[in-house]
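Here is a short report on one protein chain. It covers confidence, fold content, helix packing and charge pairs.

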Amino acid sequence: MLYQLQKFPKRNKAVAAGSAIATSALFIGFLLSTSLYFQADNARQGEQEQRFLAEQPVGEAVAARADELETVTEFQASMLGDLGAEAMGLGIIKRLTEDVRQATAASGGSPNDIAASVASLEEF
């Protein structure tokens, strides 16, 4: 039987080629339809979620979103609570003032130029 299966394609090239093409077409069709099915299923699930959210009363949706935002706000407050914002700001101003002094001095500016540059920085 194995011998006959090996000889069949050699003796019947048109039938073997037709069978190979038909089998390939069926396999490709199966893969394509499966892929499209999963895409459609994902789209259907997304549509159902959107419909669910749209059908909820506005008060519930707003309350749920408010709860989420409150949780985020509490997290941010806990993370930023330990930082000394005022001390950090003063340190930045001090470093910027020193950088302006050094840059003005390096460019050959006079003491009056340095004072004017620092004064313009302190205005901000």
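The sections below go from the model as a whole to single side chains.

## Model and confidence

This is a predicted model, in which local features need pLDDT of at least 70, side-chain atom pairs count only at pLDDT 80 or more, and totals for chains, interfaces and linings use all residues. Residues are numbered from 1 along each chain as its sequence is written, and side-chain values use heavy atoms, with hydrogens and water left out.

The chain averages a pLDDT of 82 (the predictor's confidence in each residue, from 0 to 100). Of the residues, 88% score at least 70. Among the elements, helix α2 (residues 13-55) has the highest mean, 91. Helix α5 (residues 111-123) has the lowest, 72.

## Secondary structure and burial

The chain has five helices and zero strands. Helices (H or I, at least four residues) and strands (E, at least two) are DSSP runs, numbered from the N terminus. The order from the N terminus is α-α-α-α-α.

The chain holds 124 residues, and 4% of them are buried. Buried means under 20% relative accessible area, exposed over 50%, and partly exposed in between (1.4 Å probe, protein chains only).

## Helix α1 against helix α2

The axes of α1 (residues 2-11) and α2 come within 5 Å and cross at roughly 100 degrees. That makes the two helices roughly perpendicular (65 to 115 degrees; under 35 is roughly parallel, over 145 roughly antiparallel, the rest oblique). Axes are lines fitted to C-alpha atoms, for helices over the stretch in contact, with angles from 0 to 180 degrees between N-to-C directions.

On the α1 side, F8, P9, K10 and R11 take part. They meet K13, V15 and A16 of α2. Contact here means heavy atoms within 4.5 Å. By class, the contact has four nonpolar, no polar and three charged residues.

Side chains of opposite charge can pair when their charged atoms come close. The whole structure has two salt bridges (a side-chain nitrogen of Lys or Arg within 4 Å of a carboxyl oxygen of Asp or Glu).

One joins R44 to D41, with the closest N and O atoms 3.2 Å apart. Both lie in α2, three residues apart, about one turn of the helix. R44 is partly exposed at 40% relative accessibility.

E47 and R51 also form a salt bridge, at 2.2 Å from N to O. These two are four residues apart in α2, about one helical turn. E47 is partly exposed, with a relative accessible area of 34%. R51 is partly exposed too, at 47%.

Methods. Nonpolar A, V, L, I, M, F, W, Y, C, P; charged D, E, K, R; others polar.
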